Amino acid sequence: MKTILKWLMILGCCIGLFYGCIYAQEEHTQSSRILYLTFDDGPSEYTNELLDLLNKHHMKATFFMLDAEMQRNPEVVKRMINEGHAVGVHGVTHEKETFYCGVFGPVKEMDQANDTLQSISGQRTVLARTPYGSSPYLTKKQREALDSRHYILWDWNIDSRDWSYRNPQKTFNHTIKDLGKMQKDPKVILFHDIKSVIETMTLFIDWMEQNDYTSEAITSDLIPVKLWSKSKS
Ligand SMILES: [Zn+2]
């Protein structure tokens, strides 16, 4: 009797493990098919076309924008928000020496960009991306100052390198190669709102659809991707 019970228990554990694995796999498959496309340094003269492309394919994105570019293209900012994309701030000067100057340098620039966003759209954002990411230039004190103003810093874990390639095919090849290696979620891809963006995204969105990927806008309840680690801070 004892032996039967023992075997029944072992069988029960095996079944539990089997279904547990299937469930975990499904979870993994589901979450890994969501990408977070992010576009820095805009809005630009190319953003309207980019929004057309995203809309056509039911993709949502996140835009980390500069103060002057928002002022230059206020209608595009409103359009992003109306169409369900996420908006974040990326500062004013984009200059390493100015942006990272003093404990409150980054806060000052993010606040100024946020004031502009508010004057255009009537809303502020907590999403922020510092120029070149939150490492290596952002200091612990500057990060704490941004925290105290409730900014949520977002870096990326896949860099399309569009800015250095300036070539849609090379950017596309590099991005899908890096994406293939990325096992962690959320998968956040860095793109820039530059001339090559339309051609790059045409290639990339086609590929995404062929491979059952979709994209969503970043929300403030997601755990952000960070380039810095606590041990280094
Ligand atoms: Zn930038």
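In this briefing a helix is a DSSP run of H or I covering at least four residues, a strand is a run of E covering at least two, and both are numbered from the N terminus. The model described here is predicted. Its protein chain contains 10 helices and 8 strands, and 35% of its 233 residues count as buried. Among contacts in the chain with a separation of 6 or more, 80% join residues 24 or more positions apart.

**Helix α10**

- Helix α10 comprises 14 residues, and the distance from its first C-alpha to its last is 20 Å, close to the 20 Å expected at 1.5 Å a residue.
- Its buried residues are V197, T200, M201, F204 and M208. Viewed down the axis of α10, these residues fall within an arc of 90°, so they line one face of the helix.
- In an α-helix, residues three or four places apart point the same way because there are 3.6 residues a turn.
- On the face of α10 turned away from the buried side are the exposed residues D206 and Q210.
- The cover over the buried residues of α10 includes strands β1 (34-42) and β7, together with helices α2 (47-56), α8 (162-165) and α9.
- Just after α10, D212 adopts a positive phi of about 60°.

**Packing of α9 against α10**

- The packing of two helices is described by the angle between their axes and the distance between the axes.
- Helix α9 (residues 168-181) packs against α10 (residues 197-210) at an angle of about 40°, and the two axes lie 8 Å apart. This crossing is right-handed.
- From α9, the contact is made by P168, T171, F172, T175 and I176; from α10, it is made by E199, T200, L203, F204 and W207.
- By class, 6 residues in this contact are nonpolar, 3 are polar and 1 is charged.

**Helix α6**

- Helix α6 (residues 105-121) has 17 residues and reaches 24 Å from first C-alpha to last, close to the 24 Å expected at 1.5 Å a residue.
- P106, E109, M110, A113, N114, T116 and L117 are the buried residues of α6. They lie on the same side of the helix, because they cover an arc of only 155° around its axis.
- The exposed residues Q118 and S119 sit on the face of α6 turned away from its buried side.
- G122 follows α6 and has a positive phi, near 80°.

- G91 belongs to the loop between β3 (86-89) and α5 (96-99).
- G91 is buried, because 25 other C-beta atoms lie within 10 Å and the cut-off is 20 or more.
- Not counting residues up to four places away in sequence, G91 touches L66, F99, E109, M110, A113, T130 and P131.

- M182 is located in the loop between α9 and β7 (187-192).
- M182 is partly exposed, because 14 other C-beta atoms lie within 10 Å, a count between the limits of 12 or fewer for exposed and 20 or more for buried.
- Apart from neighbours within four places in sequence, M182 is in contact with N157, I158 and K187.
- M182 and I158 are separated by 24 residues in sequence and by 7.8 Å in space, C-alpha to C-alpha.

Notes
Residues are numbered from 1 along each chain as its sequence is written. This is a predicted model: local features need pLDDT of at least 70, side-chain atom pairs count only at pLDDT 80 or more; totals for chains, interfaces and linings use all residues. Axes are lines fitted to C-alpha atoms, for helices over the stretch in contact, and angles run from 0 to 180 degrees between N-to-C directions. A crossing is left-handed if the near helix is turned anticlockwise from the far one by less than a right angle, and right-handed if clockwise. Two residues are in contact if their C-beta atoms, placed from the backbone, lie within 7 Å. Ala, Val, Leu, Ile, Met, Phe, Trp, Tyr, Cys and Pro count as nonpolar, Asp, Glu, Lys and Arg as charged, and the others, Gly among them, as polar. The expected span of a helix is 1.5 Å times one less than its number of residues. The arc is that of the directions from the helix axis to the C-beta atoms.
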